[in-house]
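Here is a short report for a reader meeting this structure for the first time. Look over the sequence and the model, then read on.

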Amino acid sequence: MARSLQPKGEVLFQGVTVNEFAVGASFAAYKEQGMEAAVLRATAGADYTDERLAEMVQSAADAGLRVGFYHYLNAEDEAEARAQAQFFARTISGYDYALRPAMLFETLNGLSIESANRIALAFLAAVESTAGVAPVVYTDAQSANLLWNRSIAERYPLWVIDESDAALPQAGNSPWKGWVGWQYRTDAEDPSCPCAGVPVSRFTSGMLKAEIVLPAPPEEDAGEEAPSKLICVNVAYGDTLSGIARLFRTSVDSIVKLNAIENPDRIFPGQRLYLRVDPSVPYACCDSYTVRKGDTLSGVAARFDLNWRRIASINQISNPDLIFPGQVLKLGLCDSTLQ
């Protein structure tokens, strides 16, 4: 017998999911039918905002519904995902909303499972840091069971789409232990109802917006260095060092040192940056460095606060004076949880 995915907490209310194409949707009618929430598509891609967003927000609020938002993600790399996350977070920041923001990433455009998870995690982490709210993953049951990995499931709640006739969504091999939202039906076409064809979900209290406590930026003159991990991010169009530092709760000085940046005002899209961040930041540890022209083993070691002998040993370098541009060095920073 297939394992059912249980709700995380008591199911408290139901809600509808609406985008600009639901022209006939009537939030007042859904309120009369017992709905208490409306999750609206706010944005899609890097620059598209639903044309009727402001109108729908006002209509849902006038009907007395809790409002939430989701973003249609179509990024092809992590930098693009972060840019879309910031666009989404900026857009919804202009409205009052009661539900966690949601990510819908259903068209992978040939991406591998590993790439899709990295991109999704980059988006989710950026929304969490920018909006101050841990978002939910809005996904179908098959993807919940087969696509998304444990790193995502352990940090971000699940809003699952399963409109089968089952009493509960089917868990399969899902890394999630439960759901905070379950889209279990789409209203049948009914000429008497102006809201036909709109998906309906059940929600637990876990779907309600919850402010998170973010780690404070490190003090520049702190006496004892706080535990941290090294991550790698790619610069997105419009990024600045101060913005990246604020997003990942680190400092500009730390980024400049780690990346040997001569001019902090000049970074470019696609540039790879190393960041030392709080261990709770949901990015994978980064463990390699590509040698650039002019690098020395001792210089690389100094940038990452490592002993050059350790790098030489890990990479089986017999002559520490001989490294060359393009050579990939393992740093040994991901061998333990904290560095």
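## Around Y72

Leaving aside residues up to four places away in sequence, Y72 touches R41, T43, A44, G45, Q84, L104, E106 and T107. Touching here means contact, that is, heavy atoms within 4.5 Å. Y72 sits in strand β4 (residues 66-72). Strands are DSSP runs of E with at least two residues, helices are runs of H or I with at least four, and both are numbered from the N terminus. Y72 and A102 are 30 residues apart in sequence, yet their C-alpha atoms are 8.9 Å apart in space.

## Model and confidence

This is a predicted model, in which local features need pLDDT of at least 70 and side-chain atom pairs count only at pLDDT 80 or more, while totals for chains, interfaces and linings use all residues. Residues are numbered from 1 along each chain as its sequence is written, and side-chain values use heavy atoms, with hydrogens and water left out.

The predictor's confidence in each residue is its pLDDT, on a scale from 0 to 100. The protein chain has a mean pLDDT of 84, and 88% of its residues reach 70 or more. Confidence is highest in strand β5 (residues 102-104), at a mean of 97, and lowest in helix α7 (residues 241-247), at 80. Over residues 211-218 the pLDDT is below 50, and this stretch has 18 contacts in the model beyond near neighbours in sequence. Residues 220-224 also have pLDDT below 50, with two contacts beyond near neighbours in sequence.

## Nonpolar cores

In soluble globular proteins, nonpolar side chains tend to be buried together. A nonpolar core is a set of buried Ala, Val, Leu, Ile, Met, Phe, Trp, Tyr and Cys residues joined through side-chain atoms within 4.5 Å. Buried means under 20% relative accessible area, exposed means over 50%, and partly exposed lies in between (1.4 Å probe, protein chains only).

Which residues touch the most other members of the largest nonpolar core? They are L40, F69 and F248, in a core of 74 residues. Helix α4 (residues 113-131) gives the most to this core, with 10 residues. L40 touches V18, F27, L53, M56, V57, V67, G68, F69 and Y70, not counting residues up to four places away in sequence. A second, separate core has 19 residues, including L230, C232, Y289 and I317.

## Disulfides

A disulfide is a pair of cysteine sulfur atoms within 2.5 Å. By this rule there are two disulfides. Counting bonded cysteines along the chain, their pattern is 1-3, 2-4.

C285 and C334 form a disulfide with sulfur atoms 2.1 Å apart. The torsion about their S-S bond is about -90°, so the disulfide is left-handed. C285 is in the loop between β11 and β12, and C334 is in the segment after β13 (328-330), 49 residues apart. C285 is partly exposed, at 31% relative accessibility. C334 is also partly exposed, at 30%.

## Salt bridges

A salt bridge is a side-chain nitrogen of Lys or Arg within 4 Å of a carboxyl oxygen of Asp or Glu. How many salt bridges does the structure hold? It holds eight.

R118 takes part in a salt bridge with E78 (3.4 Å, N to O). E78 lies in helix α3 (residues 78-92) and R118 in helix α4, 40 residues apart. R118 also meets E114 in a salt bridge (3.2 Å, N to O). R118 and E114 are separated by about one helical turn because they are four residues apart in helix α4. E114 is exposed, at 57% relative accessibility, whereas R118 is partly exposed, at 38%.

K257 forms a salt bridge with D305, their closest N and O atoms being 3.1 Å apart. K257 lies in helix α8 (residues 252-259) and D305 in the loop between α9 (297-303) and α10 (308-314), so the pair ties together parts 48 residues apart in sequence. Salt bridges that share partners also join E20, R41 and D50 into one network.
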